[in-house]
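Here is a short report for a first look at this protein. Keep the sequence and the 3D view open while you read.

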Amino acid sequence: MLKGLDPVLTPDLLWVLAAMGHGDDLALVDANFPAETVARRTTSGELVRIPGLTMARAAEAVLSLLPIDSFVDDPVRRMEVAGDAVTVPPIQREVQAVIDRAAGKALPLVGIERYAFYEVASSAFAVVQVGDMRPYGCFLIRKGVVLAA
């Protein structure tokens, strides 16, 4: 355990977050996502698992370290419900609240059709799979920059 570091952040997850560069995507996905298959096609080629957490709790830990890209219009994206692009399930509303707190402002999730989401996620830097079993808990977060003070 390290002082000031969220205990949810595993060594593998810390490596992924530190190794990512500006503009790289992190796929943060639920337990139903084909994570192993998609992760093999990512830049890192590895799947990081953080079981036993809700998606909102995992997002909170990740966003305690990962800056959100402010140079693009769609830095945070969500998987759309199949056949219903406008419905936002509870898991997505919970993560939206975490993102808004981390960004210090409203930062709406942009929807991506389910199969298109799989393709975009396969070009991410890494896939992090959370133990949350609720469907449509799949997100892409683009890493921003850390500015010197």
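Ile91 has 2% relative accessibility, so this residue counts as buried. The model is predicted, so read every value as computed from that prediction. Ile91 belongs to helix H4. Beyond its close sequence neighbours, up to four places away, Ile91 touches Met55, Asp132, Arg134, Pro135, Tyr136, Gly137 and Phe139. Cys138 is 47 residues from Ile91 along the chain, and their C-alpha atoms are separated by 9.2 Å.

Gln129 sits in strand S5, residues 126–130. Its relative accessibility is 12%, under the 20% cut-off, so Gln129 counts as buried. A polar atom of the Gln129 side chain lies 3.2 Å from the backbone oxygen of Asp30. Leaving out residues up to four places away in sequence, Gln129 touches Val29, Asp30, Ala31, Phe33, Ala35, Leu47, Val48, Arg49 and Ile50.

The two residues compare as follows.

| Residue | Element | Relative accessibility |
|---|---|---|
| Ile91 | helix H4 | 2% |
| Gln129 | strand S5 | 12% |

Strand S6 spans residues 139–142, and both of its faces are covered. Phe139 and Ile141 are buried on one side. Leu140 and Arg142 are buried on the other. Which strands pair with S6? Strand S1, residues 25–29, pairs with S6 in the antiparallel sense over 4 bridges. Strand S3, residues 76–79, also runs antiparallel to S6, joined by 3 bridges. Ile141 features in both pairings: Leu26 has Ile141 as its bridge partner, and Val76 stands opposite Ile141.

**Helix H3**

Helix H3 covers residues 55–63 and is mostly covered, with 7 of its 9 residues buried. Those buried residues are Met55, Ala56, Ala58, Ala59, Ala61, Val62 and Leu63. What covers them? The cover includes helices H1 (11–19) and H4 (90–103), together with strands S1, S2 (47–50), S5 and S6. Met55 of this buried set is also one of the residues that Ile91 touches.

**The largest pocket**

The largest pocket has a volume of about 200 Å³. Its lining includes Leu63, Leu66, Pro67, Ile68, Asp69 and Ser70. Val72, Pro75, Ala102, Ala103, Lys105 and Leu107 also line the pocket. By class, the lining has 9 nonpolar, 1 polar and 2 charged residues.

Definitions and conventions. Residues numbered from 1 in each chain as written. Predicted model: local features only at pLDDT ≥ 70, side-chain atom pairs only at ≥ 80, totals over all residues. Heavy atoms only, no water. Buried < 20%, exposed > 50% of the residue type's maximum accessible area, 1.4 Å probe, protein only. Polar contact = N/O pair within 3.5 Å; in protein donor to acceptor, adjacent residues only side chain to side chain. Contact = heavy atoms within 4.5 Å. Pairing = 2+ DSSP bridges. 1 Å grid on protein atoms, 1.4 Å probe; cavity = no way out; pocket = protein on both sides within 12 Å on 5 of 7 lines; lining within 4 Å. Points joined across faces, edges and corners; volume = space filled by probe spheres on them. Nonpolar A, V, L, I, M, F, W, Y, C, P; charged D, E, K, R; others polar.
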